[in-house]
Amino acid sequence: MSQQVKGVVADGKGAPVRVETIVVPDPGPGEAVVKVKACGVCHTDLHYREGGITDEFPFLLGHEAAGVVESVGAGVTEVTEGDFVILNWRAVCGGCRACRRGRPWYCFNTCNAAQKMALTDGTELTPALGIGAFAEKTLVAAGQCTKVDPDASPAAAGLLGCGVMAGLGAALNTGSVTRGDSVAVIGCGGVGGAAVMGARLAGADKIIAVDINDHKLETAERLGATHTVNSRQSDAVAAIRELTGGFGADVVIDAVGLPETYRQAFYARDLAGTVVLVGVPTPEMKLELPLLDVFSRGGTLKSSWYGDCLPSRDFPMLIDLYRQGRLDLDAFVTESIALDEVEQAFERMHHGDVLRSVVIL
């Protein structure tokens, strides 16, 4: 059997999204149907709508979500009916070369549901990041479900499914920020704000937030930044160096992903410092740096994909910190919206006034 639910569909490059009736199959082997409770509106969903990731329209958008497992297919042992879960788009396979080497956060063979959700006319849908959670219910691989404390707010918990985890992980996992470090974060939207919070959680001594938007810088201060730099008004590299005794920061996180912000990050780090790229560049972007500077400055240049997270390890731990009052995930929830307000949320995203709009179902 299958069931019909409402979901947000993008069916043409740049065309406004619309709410449609979609058909969700019963879960097959290794699959689960999840009743979605909340799903954040992430910039990646806008990339899908614009055709910037693939052209496999129509898409079922949404991926930053939490919900309750409604049913599971044969062979599923990770979760059971009634579990409160965060959905993740990097379900580790357990058998690829990264998993076999004990580095499952680099899994090269992430799992998705084998069956397809569809429109009522039979048109198959491509779920965003293998999830498709702007919907009342969604079909995923069971490994994409991570069980967490059911007392957590779904709106806050779901944000760990993508953007907030990316930022936290850029600081905690990829950047390995430790007590006493100086950290600069370039770009203070949802991901950059989470990187600021991650640096504070790790015990960084100095946390410098850089953006061109004063409203985002004010938000970064609330999330833990000790200093702010408006790079429209000041030279970001010079300001970061001045705030770190002329040396540069131990860790610089580029949460924008533009060639110019990466160059800022590169030259704003201390000798033997670390640059972490977590902002996603577009395919046409090119970077040019003097190779001698790469050599002579030493240190490490890293990319952070999903915050180098392992959902089974990181999600429950971070939710525990949230429940203890040590990680303010609620601070990222700017507004709650309905399914039919996703298009308007995309518009508000451009103005920089929201960290996250969250669809509540």
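Reader: Is cysteine 309 buried or exposed, and what is its relative accessible area?

Author: This is a predicted model, in which local features need pLDDT of at least 70 and side-chain atom pairs count only at pLDDT 80 or more, while totals for chains, interfaces and linings use all residues. Residues are numbered from 1 along each chain as its sequence is written, and side-chain values use heavy atoms, with hydrogens and water left out. Buried means under 20% relative accessible area, exposed over 50% and partly exposed in between, with a 1.4 Å probe and protein chains only. Cysteine 309 is therefore buried, its relative accessible area being 1%.

Reader: Which cysteine has the sulfur closest to that of cysteine 309, and how many disulfides are there?

Author: A disulfide is a pair of cysteine sulfur atoms within 2.5 Å. The closest cysteine sulfur to that of cysteine 309 is in cysteine 162, at 9.4 Å, which is too far for a bond. Likewise, the sulfur of cysteine 145, a buried residue with a relative accessible area of 6%, is 12 Å from the closest one, in cysteine 111, again too far for a bond. For cysteine 309 the name is thus cysteine 162, and the count of disulfides is zero.

Reader: What kind of aromatic pair do tyrosine 48 and phenylalanine 59 form?

Author: Rings of Phe, Tyr and Trp (its six-membered ring) pair if their centres lie within 6.5 Å, and planes under 30 degrees apart count as stacked, over 60 as edge-to-face and the rest as tilted. A search of the whole structure finds six aromatic pairs. In this one the ring centres of tyrosine 48 and phenylalanine 59 are 5.0 Å apart and the planes stand at 70 degrees, so the pair is edge-to-face.

Reader: Which elements hold tyrosine 48 and phenylalanine 59?

Author: Helices (H or I, at least four residues) and strands (E, at least two) are DSSP runs, numbered from the N terminus. Tyrosine 48 is buried at 6% relative accessible area, and phenylalanine 59 is buried at 0%. The two residues are eleven apart in the chain, and their elements are helix α1 (residues 43–49) for tyrosine 48 and strand β4 (residues 59–60) for phenylalanine 59.

Reader: Which residue is the bridge partner of phenylalanine 59 in β8?

Author: Two strands pair if DSSP finds at least two bridges between them. Strands β4 and β8 run parallel and are joined by two bridges, within an open sheet of five strands that has mixed pairing and the order β7-β2-β1-β4-β8. The partner of phenylalanine 59 in β8 is threonine 126.

Reader: How far apart in sequence are the parts that tryptophan 89 and tyrosine 306 tie together?

Author: The rings of tryptophan 89 and tyrosine 306 have centres 4.1 Å apart and planes at 10 degrees, so this pair is stacked. Tryptophan 89 lies in the loop between β6 (84–87) and α2 (97–100), and tyrosine 306 in the loop between β16 (300–303) and α10 (311–323), so the parts tied together are 217 residues apart.

Reader: How many residues does the largest nonpolar core have?

Author: A nonpolar core is a set of buried Ala, Val, Leu, Ile, Met, Phe, Trp, Tyr and Cys residues joined through side-chain atoms within 4.5 Å. Among the residues with the most contacts inside the largest core are Phe134 and Leu168. Another core lies apart from it and has 16 residues, including Ile186 and Leu277. For the largest nonpolar core, the number is 86 residues.
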